[in-house]
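User: I've got a structure open and want to talk through a few spots in it. Can you walk me through them?

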Amino acid sequence: MFIFVNPAEEQKVEAWLTTADQKNLLTHKEPLFFKEEPNPDTPVIQVNPDVTFQTMEGFGAAVTGSSAYLINHHMSAEQRESLIKDLFTKDGIHMNVIRHTIGASDFSVDQEGNPSSYTYNDIETKQDYKLEHFSVAKDADVISLLQDLVSRNEKIKVLGTPWTAPAWMKYERTMNGWYLDYQNNSVYQSYADYFVKYIQAYQDKGIPIHSITIQNEPLFTSASYPSMSMNAEEQSRFAREFLGPAFAKNSIATKIIGYEHNWNEGFNYASTLLADKETSKFIEGTAYHCYKGDPSSMSDVHEAFPHKSIYLTECSGGDWSKDFGSNLSWYMTNLLIGGTRNWAKTVLFWNLALDESGGPANGGCTNCRGVVTIDKKSGEVKRNVEYYAIGHASKFIDPGAVRIGSATYKGDLESAAFINPDDSVVLIMVNSGEGDESFQVNYDGKYFSYSLQSNSAVTFKWSS
């Protein structure tokens, strides 16, 4: 006897697809439905809610000075409003973590769009240990944009990162390169107080700073843009003896994150920080960039220090890699799936927005690509592959979601799964192989089937 089952009574699975040929770009597809019986001879991707991993904080990008300048000065009010809604609300991709440069970076400009290198305490005199000249006034464009964003969404988290200390604190009085004057404890104390004043100044502007990293890319410096080296032993001492105590003294709850450089050298640096019991008291975890090494190194750090957090805080695309499909596949494999499968609580791209020439820049990368490109003349927005890659996670995975168990297949079909605070389940998948791949997903003894093109990504979402 045939029994008709109304699909409306079956468990529905929503799907959003991006394909290498760009015929689908986070396209909401027709829903799928779970069924009781599996398809024979089809690979099974098992999703297991009983196996849990890290709690997610979110996804996003950096509101650099260049990004804020373009959004504030090269878009109409209507264009700006549309872009903000697209990037930071549920109507769009709903990013919720913003990286902010403490002072200038290699993408900082003045209000005329000219390159601008500065800190919050630039002086001509020998020193200013009491920070009497401290001011965040040169951050005006960034501040106005961040105020708008956090006023719309109280769940947005701001992560602050310095590229350099004020030049007068360094061994050579330059913003571009070198290191803190390690022979002078007054410098170290003043620099710790500098972080405190930054957090307090931004709080006064209505912008809470959720966390800070101690130094951007501490194992690399450049004579071309603001930068500063800080080896692991130096960072450990600074956090242990100065920064951590300064936060405690001033009741600063902002989290302190160490390292923040490439995967390849992260384990040794992180070990120096986290194996020191006194330093570890103040360090929430460590942060990583994507430019060298492999995301599995983050799992090595987690295995050694399982109670410390892992953050993936920077990765940038650019004109050195233009193929949409291969870029999408790499990002999904290494960041959105590979990053989260290796314990990252955040995944962030670098510049939120750049112009059609990859700028305006301040002495650094001249061919980087933002999450979006803003045409300086028209204010029109182009959504880049980075937008779609991050969107496959940020639009669906809410802050507080927990990563759960999920399978991969043949090294080509890769996945990451999450349960949101509302108990909805999100499964992100990428096919990084050379041909189409058919598979079925098993959750709680029920199945649905799907076929995914090469170098393409899909996000599934259903109620648990």
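Predicted model: local features only at pLDDT ≥ 70, side-chain atom pairs only at ≥ 80, totals over all residues.

User: OK. Y191 and Y194, then: buried or exposed?

Analyst: Both Y191 and Y194 are buried. They sit in helix α4, three residues apart, about one turn of the helix.

User: Why does that spacing matter for which way they point?

Analyst: An α-helix has 3.6 residues a turn, so residues three or four places apart point the same way.

User: And how are the rings of Y191 and Y194 arranged?

Analyst: They make a tilted aromatic pair, with 5.6 Å centre to centre and 35 degrees between the planes. Y191 and Y194 also belong to an aromatic cluster, whose members include Y188, F195, Y198 and F238.

User: What about Y259 and Y269?

Analyst: That aromatic pair is tilted too, at 4.8 Å centre to centre and 45 degrees between the planes. Y259 is in strand β9 (residues 255–262) and Y269 in helix α6 (residues 266–274), ten residues apart. Y259 has 1% relative accessibility, so it counts as buried. Y269 is buried as well, with a relative accessible area of 4%.

User: Switching to strands. How many residues of β7 are buried?

Analyst: Six of the six, residues 157–162, so the strand is largely enclosed by the rest of the structure. Both faces are covered: K157, L159 and T161 are on one side, with V158, G160 and P162 on the other.

User: Which strands pair with β7?

Analyst: β6 (residues 97–102) runs parallel to β7, joined by six bridges, and T101 stands opposite T161. The chain gets from β6 to β7 through helix α3 (residues 140–152), in a right-handed β-α-β crossover. β8 (residues 211–213) is also parallel to β7, with two bridges, and there G160 stands opposite I212. Helix α4 (residues 185–204) carries the chain from β7 to β8, and that β-α-β crossover is right-handed.

User: Where does S222 lie?

Analyst: In the loop between β8 and α5. S222 is at 12% relative accessibility, so it counts as buried. Its side chain reaches the backbone nitrogen of S224 at 2.9 Å. Not counting residues up to four places away in sequence, S222 touches N176, G177 and S227.

User: Last one: what lies over the face of Y387?

Analyst: R383 does, at 5.7 Å from the ring centre. Y387 itself is buried in α11, a helix where ten of the ten residues are buried. Elsewhere, R403 lies over the face of F53, at 3.9 Å from the ring centre.

Conventions. Residues numbered from 1 in each chain as written. Heavy atoms only, no water. Buried < 20%, exposed > 50% of the residue type's maximum accessible area, 1.4 Å probe, protein only. Helix = DSSP H or I, 4+ residues; strand = E, 2+ residues; numbered from the N terminus. Pairing = 2+ DSSP bridges. Right-handed = clockwise from strand over helix to strand, strands pointing away. Polar contact = N/O pair within 3.5 Å; in protein donor to acceptor, adjacent residues only side chain to side chain. Contact = heavy atoms within 4.5 Å. Phe/Tyr/Trp six-rings, centres within 6.5 Å; stacked < 30°, edge-to-face > 60°. Lys NZ or Arg CZ within 6 Å of the ring centre and 35° of its normal.
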